[in-house]
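Take a walk through the model shown here.

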Amino acid sequence: MKLRVDGLSVRFHLPGAEVHAVTDARFELREGRCLALVGESGCGKSVMAHALLGLLPGNATVTGHAWLDQDDALDPASEPAGGSLDLVAAPEKVLARQVRGRLVGLIPQSPAAHLTPVRTARAQLAETLRELGRTETPDLLARRAGLRPEDLDRYPHQLSGGMAQRVANALALAGDPPLIVADEPTTGLDRPLVDATMAELRRLCDEGRAVLVITHDLRAAERVADEIAVMYASRIVELSQAGPFFSGPLHPYARGLLDALPSRRFVPVPGRPPELTRLPDGCAFLPRCPLATAACEDQPLMNGKRVACHHA
Ligand SMILES: Nc1ncnc2c1ncn2[C@@H]1O[C@H](COP(=O)(O)OP(=O)(O)OP(=O)(O)O)[C@@H](O)[C@H]1O
Ligand code: NI
């Protein structure tokens, strides 16, 4: 299994404005690997994830491709067997019946908010298993996710943050999908739970799944990721192996993000990102960039390199 995102763009149409939420994203992610997508709030991370699952609202236009190559999927019986499926072009029927939960599992941004308040965790797991045509019991699924059977008798408001996270993980894994997308899986969790969640994602990866984790917690990303994609104002501006990235980020924005960490210089990137309704023709980071020159009025592109910057 391999995900190949190729020229993916998302625009939202609003009265009198167009939001450039994702622009020309390109990356690959294969089984056994974890890619962390990092960047400030509002840069387009969740929109990218939702585009892969066909979960965007009606005012969105998605262009480009997101190929899911399934030649060696975890479960060879999964439909459609073999071949490639373009998640962007796939009709909703295919996404609903074959993709969501079966090929791509989503661990949503706030797990508790995605659980139905009036039903126990067990009832929700049972329903998801039934929909996916799986024969495992909710208890087995829960045990794999680190929950005790008695936890499943609880309603969402009776679950701690960590337990709600585990229920969300169990739901995302119910259909044994080869690709997991985790959108800010550690929001609101304390440090030990962040570390436990990251260790769990790493385990899913080491079992042979592909994991795309979205986070603005670089320390968490460092613990789990093989590769890092840095997003700024709708574009991926650096795409690198994790080791070289953390020892020497190339994009001035990526350097700024790392310098902002308490364990490093603890100096935030000055200024604010631009509005996605009014992006400049050139480099969107120009007004905040210590390296900017007149050359930056031309949009820097990755063109197969690690970084989109005229000066890095
Ligand atoms: N339905 C929509 N209509 C219009 N604009 C939208 C819609 N959904 C998202 N956006 C805009 O798309 C941009 C990207 O949002 P997104 O949720 O992907 O950010 P993010 O990087 O995930 O941020 P965060 O870290 O805060 O979750 C934002 O400017 C947001 O306002
Ligand atoms: Ni988000």
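For residue classes, Ala, Val, Leu, Ile, Met, Phe, Trp, Tyr, Cys and Pro count as nonpolar, Asp, Glu, Lys and Arg as charged, and the others, Gly among them, as polar. By that scheme, the shell around ligand 1 holds eight nonpolar, seven polar and one charged residues.

Some ground rules come next. This is a predicted model, in which local features need pLDDT of at least 70, side-chain atom pairs count only at pLDDT 80 or more, and totals for chains, interfaces and linings use all residues. Residues are numbered from 1 along each chain as its sequence is written, while chains are lettered from A and ligands numbered from 1 in the order in which they are written.

Confidence can be stated briefly. pLDDT is the predictor's confidence in each residue, from 0 to 100. The protein has a mean pLDDT of 93, and 96% of its residues reach 70 or more. The model's ipTM is 0.99 and its pTM 0.94. Where pLDDT is low, the predicted coordinates should not be read in detail.

Return to the ligand. A residue is near a molecule if its C-beta atom, placed from the backbone, lies within 6 Å of it. Ligand 1 is surrounded by 16 residues. The closest are F12, S41, K45, S46 and V47. Helices (H or I, at least four residues) and strands (E, at least two) are DSSP runs, numbered from the N terminus. At least two shell residues come from each of β1 (2-14), β2 (17-30) and α1 (45-52). α1 gives the largest share, three residues.

Now look at the sheet. Two strands pair if DSSP finds at least two bridges between them. Four strands form an open sheet in the order β2-β1-β4-β5, with antiparallel pairing. β2 and β5 (84-86) are the edge strands, each with a single partner, so one side of each has no neighbour in the sheet. Neighbouring strands are turned by 10° against each other on average, direction ignored. Such angles run from 0 to 180 degrees between N-to-C directions, with axes as lines fitted to C-alpha atoms, for helices over the stretch in contact.

α1 packs on this sheet and touches β1, β2 and β4. Its direction makes about 65° with that of β2. Contact here means that the C-beta atoms of two residues, placed from the backbone, lie within 7 Å.

Go through the strand pairs in turn. β1 and β2 share 11 antiparallel bridges, and L3 stands opposite L29 in β2. Their hairpin has two residues between the strands, and G16 takes a positive phi near 80° there. β1 is also joined to β4 by nine bridges, again antiparallel. In β4, D69 stands opposite K2. Three bridges link β4 (residues 60-69) to β5, where L85 is the bridge partner of L68.

How enclosed is α1, and why? Seven of its eight residues are buried, so α1 is largely enclosed by the rest of the structure. A residue is buried if 20 or more other C-beta atoms lie within 10 Å of its own, exposed if 12 or fewer, and partly exposed in between, with C-beta atoms placed from the backbone. The buried ones are K45, V47, M48, A49, H50, A51 and L52. Just after α1, G54 has a positive phi of about 65°.

The last stop is M302, in the segment after α10 (252-259). M302 is partly exposed because 18 other C-beta atoms lie within 10 Å. Not counting residues up to four places away in sequence, M302 touches R26, L239 and A308. M302 and R26 are 276 residues apart along the chain, yet their C-alpha atoms are separated by 9.2 Å.
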